[in-house]
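Have a look at the model first.

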Amino acid sequence: MGVTVDVHQVFQYPFEQYPNPMDKNVISVKTVEEKKDESTGLIYRKRIAICQNVVPEMLRKVSILKVPDIQLEEESWLSPQKRNMAIRSHCLTWTQYASMREESVFRESVENPNWTEFIQTGRISITGAGFLNCILETFASTFLRQGAQKGIRIMEMLLKEQCGSPLVE
């Protein structure tokens, strides 16, 4: 089974203005690999993030969900010359019970080169939890949707703070 959540948003700011906010649930981030292709300018990073466990207390009664924090692995490919960035992340916690992946792209908008298009797809599939599979997937789906919308609001607020009103042409 599994659930997929897709998000699409256009920010009326240039790609170069994209801020790098750290969500309040992120405890720490460690870069484990970073390299730059000198011929293309492509910057690759692999990072491990430790995040607070945001699973509701009610669901944490299930022993496998009762962990203080969650580990995520994130890989990103930034191309300043092409004005795009791709990010792929997955959860390292609960791998025996769930597959959680997210892919995001920031790129120059086709509508206006001074705008940035954001596309995100998240997929969660839960196995091994018996009758709780559907309940956990429903929670995960709601969490992904709310998290994506919250991320968009934060991004818009940061862009407005850093750059002023959006570029409208």
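A contact here means heavy atoms within 4.5 Å. Among contacts between residues at least 6 apart in sequence, 55% join residues at least 24 apart. Keep in mind that this is a predicted model, where local features need pLDDT of at least 70, side-chain atom pairs count only at pLDDT 80 or more, and totals for chains, interfaces and linings use all residues. Residues are numbered from 1 along each chain as its sequence is written, and side-chain values use heavy atoms, with hydrogens and water left out.

The C-alpha trace spans about 50 × 35 × 30 Å along its principal axes. Of the 169 residues, 38% count as buried, meaning under 20% relative accessible area with a 1.4 Å probe, protein chains only.

Now for the rings. The structure holds 3 aromatic pairs, counting rings of Phe, Tyr and Trp (its six-membered ring) with centres within 6.5 Å; planes under 30 degrees apart are stacked, over 60 edge-to-face and the rest tilted. One of them is the tilted pair of Phe-11 and Phe-118, at 6.4 Å centre to centre and 40° between the planes. Phe-11 sits in strand S1 (residues 3-11) and Phe-118 in strand S7 (residues 116-126), so this pair ties together parts 107 residues apart in sequence. Phe-11 is buried at 4% relative accessible area, and Phe-118 is buried at 8%. Ring pairs also bring in Phe-106, linking Phe-11, Phe-106 and Phe-118 into a cluster.

Technical notes. Helices (H or I, at least four residues) and strands (E, at least two) are DSSP runs, numbered from the N terminus. Buried means under 20% relative accessible area, exposed over 50%, partly exposed in between (1.4 Å probe, protein chains only).
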